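Dear colleague,

I am handing over the structure that we spoke about, and I would be glad if you could look at it before reading my notes. The notes follow directly after it.

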Amino acid sequence: MWKMRMAQVIIFFSLIFLHLIVSPICAMPLAPALYVFGDSLMDSGNNNFMPTFAKANYLPYGVDFPKGSTGRFTNGKTVADFIAEYLGLPYSSPYISFKGPRSLTGINYASGSCGILPESGSMLGKCLNLRDQINLFQRTIKKDLPRKIKNPIQLSKHLSKSIYVFSIGSNDYINNYLETKYYDTSKRYLPQPFAKLLIERLSEQFEKLYGLGARKLIMFEIGPIGCIPSVSRKHLHKGDCIEETNQMVTYFNERLPPMLKNLTSSLPGSTFVLGRSNSLGYDAIKNPSKYGLTDASNPCCTTWANGTSGCIPLSKPCLNPSKHIFWDAFHLTEAVYSVIASGCLNNRSVCTPVSIQELVKM
């Protein structure tokens, strides 16, 4: 147990070391750009400029982030932010809030409340579903990047060497399949066929992304949503989590590895990496002390409805967010994101078949 705890501490401080020492000194970043796709786990501010209830552009969101409440749905950095630091790149700015020329070092297309399916999250307002995000990326490489990278060969190299990070699918359950008041999806699909549908749609978008020039992609699993307060506190159940809900997500996560492996095999020059964030997150909830955490059930910020909502604007969060797993009723704290990111950077058991360290060298 002591050795495992020490390993976690070493990984965490290695990440801090990489941020403070390596990134500022390196003349060249480890990748040309970081392109980010997904939902509120990755959103860095796209929803700020859309008519939706799913927003995080107010305190206490961002209370521990250098730039404050930017629209990130957590207290500080996301997994994508930690990856950007390791790569020696600026944080990928949100596409929607951009003014002027597009950045050459990466763009964030992620959008809170949205999912793989176009209808997921629609009851909360406008958001960018996965197809929308890929279309915006296509617009970026067709209209924006050629203004700065005029040589087609150099543009192709830029795209093939860049890193593409995805975390999406949670809202296809939270804001669709499980939301029976607004959707009849659960009546039309049993859990396994629904998971198959999501994987098929996801695969189609990955193939389109490959056709646009992407070659190095990381897809994180859907986390154990049966454990998040917004789900677990709304239904009677035994234990810390609603395992029946977790099983629904497992049907999706079990289909990810063969799909990603098949894409790597069938699309020349590509590498599709699986981020095993589900098991890591579940283990943190069941064994928080192993990761230096103490609270595995309560949101750190003050929420409405018995801890089942987002943060109440301008409310004071808990005194030590770094000891909490959950920031609000849906999202994790920066502390948990740092564990996931550092694992993916260094460990093949977290990101497989290669870690990010290995991926950038390919």
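A disulfide here is a pair of cysteine sulfur atoms within 2.5 Å. With that rule, a search of the whole structure finds 5 disulfides, and if the bonded cysteines of the chain are numbered in sequence order, they pair as 1-2, 3-4, 5-8, 6-7, 9-10.

Please keep in mind that this is a predicted model, in which local features need pLDDT of at least 70 and side-chain atom pairs count only at pLDDT 80 or more, while totals for chains, interfaces and linings use all residues. Residues are numbered from 1 along each chain as its sequence is written, and side-chain values use heavy atoms, with hydrogens and water left out.

Confidence comes next. The chain averages a pLDDT (the predictor's confidence in each residue, from 0 to 100) of 93, and 91% of the residues score at least 70. Over residues 1-7, however, pLDDT stays under 50, and it also stays under 50 over residues 17-26. Where pLDDT is low, the predicted coordinates should not be read in detail.

Now to some of the disulfides. Cys-114 is joined to Cys-127, with 2.0 Å from S to S, and the torsion about their S-S bond is about 75°, so this disulfide is right-handed. Cys-114 counts as buried (under 20% relative accessible area, where exposed means over 50% and partly exposed lies in between, with a 1.4 Å probe and protein chains only) because its relative accessibility is 1%, and Cys-127, at 7%, counts as buried too.

Another disulfide joins Cys-227 to Cys-241, at 2.1 Å from S to S, and with 105° about the S-S bond this link is right-handed. Cys-227 is buried at 5% relative accessibility, and Cys-241 is buried at 2%.

The link of Cys-344 and Cys-351, at 1.8 Å from S to S, is left-handed, with -90° about the S-S bond. Cys-344 is buried at 0% relative accessibility, and Cys-351 is buried at 0% as well.

Finally, there is a pair of helices (DSSP runs of H or I, at least four residues, numbered from the N terminus). The axes of helix H3 (residues 130-144) and helix H7 (residues 191-211), which are lines fitted to C-alpha atoms over the stretch in contact, come within 10 Å and cross at roughly 0°. H3 and H7 are therefore roughly parallel to each other, a term for angles under 35 degrees. Residues in contact (heavy atoms within 4.5 Å) include Leu-130 and Phe-137 in H3, and Leu-202 and Leu-209 in H7.

Best wishes

Technical notes
Axes fitted to C-alpha atoms, helices over the stretch in contact; angles between N-to-C directions. Helix = DSSP H or I, 4+ residues; strand = E, 2+ residues; numbered from the N terminus. Parallel < 35°, antiparallel > 145°, perpendicular 65-115°, else oblique.
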